[in-house]
Amino acid sequence: MIAIRDLSVTYRTAARSVPAVRGVSLDVPRGRVTAVVGESGGGKSSLVYGILRLLPPGTELSGSIDFDGMELTRASEERMREFRWKKAALVTQGAMNSLTPVLTVGYQVAEVLRVRLGMAGDEARERAVELLAMTNLPAGYARKYPHELSGGEKQRAVISMAVACSPEFLVADEPTSALDVITQAEVIATLVRMVREKGMGLLLVTHDLPLAFSVSDEMAVMHEGRLVERGTPARIATYPSHDHTRTLLSAFGLTARTGP
Amino acid sequence: MSGLLLSTKGLSVSFHSPRGSVEALKGADIDVAPGESLAVVGESGSGKTTLLRASLGLVTASAGSVALLGRDLARCESKELVSLRRRCGFIPQDPFGCVPPTLNALDAASEPIRIAGRGSRGEALEKAGGLLSELGLGDPALWKERVRLSLSGGQRQRVSIARALSLDPEFLLADEPASMQDAANRAEVMAILRRRTQKGMGLLMATHDLPLAAAFADRVAVMYKGAVVEAGPSESVVGDPLHPYSRALIAAIPGIGKEIRPPERVEEWPFGGCPYAPRCPARTGRCKEAPPLLPVAPDRDVACWNAREGGR
């Protein structure tokens, strides 16, 4: 479990400081989908980058993030490099554009295995094919270049890379926001399968409330940097306790629609 | 003749480049009546934007016809085309590309009125200010800000909507008009467009967001690879989709207590014919021939051999 307690992220410039995350406490367990929802500017991404310690230099991070007894807010940069990829891997909205255009997809997945796990070339290549198959990309895809893949296929290839080191957690920041609904369904099904079959914990950050309702076991609603509501999708859909949650629900037409 | 604002028949548009041609529209049939809102829905590359642009004569049809406000575009002189377009509003997909970046928000919103020579500068500014306020940009301090420096994507999109509405169009063509709005503003923007359709404006809206289309449009046309594969009243298309592609779209839409299902994987299909056959779990040998869009029930058109047989 990743146990977040009273976490705050404050961006600082010479002129002013901007609090993006204000005292958030949240548990992200293994084998479950935890969704963080809210509007843009609500602090969702800052929370994610805070957990992975990928914030810009000078940003203030306070509170605690406990991962199996390791305190991430104070861990050395070296230990954080081990934590990322091997313990918690990140999939972002633009991840599909992070593939190198001049190398095959298989090479790029194998590279993660060689660099992170010290795997030998042949073994890494074979394993890369298996990893691509796990995200429903058939064997031939290892030899393809990114431009030969559709957006959804590229996003699935990036998920193959993210799960290459068998991380215990996947952190997905708007992983499907750039995709149409059918492609989104394919990518989400891939992520959820990692949770159900491999017992990974998935932290899914999205502004898409219906998506969170469809796939999450637990939802957390963020508003202006604070976590204003937490619960199961069924409970939040039926008895939202915070005004902002009700606003979000009605904005998505998820409550009785008012007016024409 | 028929009083339709738009009627396309077998409309096809091809784009040519040194590396080959792409048929972006393949025989699309679309009608929009006054006071009616029609949403064309489909994934990226399905031809939605090309349909809107061809409807205004911004791209030339390679086959088929477009009747805009009762006039066949193929027979229009450029002068008549301009006057037809002035009776229409157009919200392009990219607000960064269509709102003049160096103007301030108020000048940008009033520019069409001044170009068309309708009313004095004062009247134009007053009208534009009213539209911006209606669109949630009511702060006069914001009006004086340059678009380029101070407006977010969502704000620029609302300025773009104000421009399109500034000449009180009879017919509005809107390409993803709420794509840059958050959920609350999206509902606001759609409510504003609906107020216009209730007063008789026709609306043709392109969107990949089927729930949005279903909630706000009277009718939905589902497009796939440049052709309309299903059309009908929003509620019936969403509640009882007849084309396998429409069914896949609806199965993939998330919601409360709804598990989203990706489409089944199917073997390769080397036969051509129906454009959806390569992805269709319900295809048969007959799909080697492309099915036409035909009525299967009152006010329901579907381009699928199986839907037609099932529908009878």
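Predicted model: local features only at pLDDT ≥ 70, side-chain atom pairs only at ≥ 80, totals over all residues.
A:K154 is found in helix α5 of chain A, residues 151–162. Helices are DSSP runs (H or I, at least four residues), numbered from the N terminus. Leaving aside neighbours within four places in sequence, A:K154 is in contact (heavy atoms within 4.5 Å) with A:M96, A:L99, A:P146 and A:L149.

Local features need pLDDT of at least 70, side-chain atom pairs count only at pLDDT 80 or more, and totals for chains, interfaces and linings use all residues. Residues are numbered from 1 along each chain as its sequence is written, chains are lettered from A in the order in which they are written, and side-chain values use heavy atoms, without hydrogens and water.

A:T190 is found in helix α6 of chain A, residues 181–198. A:T190 counts as buried because its relative accessible area is 0%. Beyond four places in sequence, its contacts are A:M134, A:T135, A:R156 and A:I159. The C-alpha atoms of A:T190 and A:I51 are separated by 23 Å, and the two residues lie 139 residues apart along the chain.

A:I51 belongs to the buried part of α1(A), together with A:K44, A:S46, A:L47, A:V48 and A:G50. This helix spans residues 44–51 and is mostly covered, with 6 of its 8 residues buried. A:R53 follows α1(A) and has a positive phi, near 55°.

The contact between the chains takes 23 residues from chain A and 24 residues from chain B. The area buried between them is about 1900 Å², and carbon and sulfur atoms give 69% of it. Buried area is the accessible area (1.4 Å probe) that two parts lose on being put together, summed over both. In chain B, the most area is lost by B:P254, B:I256 and B:R265, together 28% of what that side buries.

Definitions and conventions: Helix = DSSP H or I, 4+ residues; strand = E, 2+ residues; numbered from the N terminus. Buried < 20%, exposed > 50% of the residue type's maximum accessible area, 1.4 Å probe, protein only.
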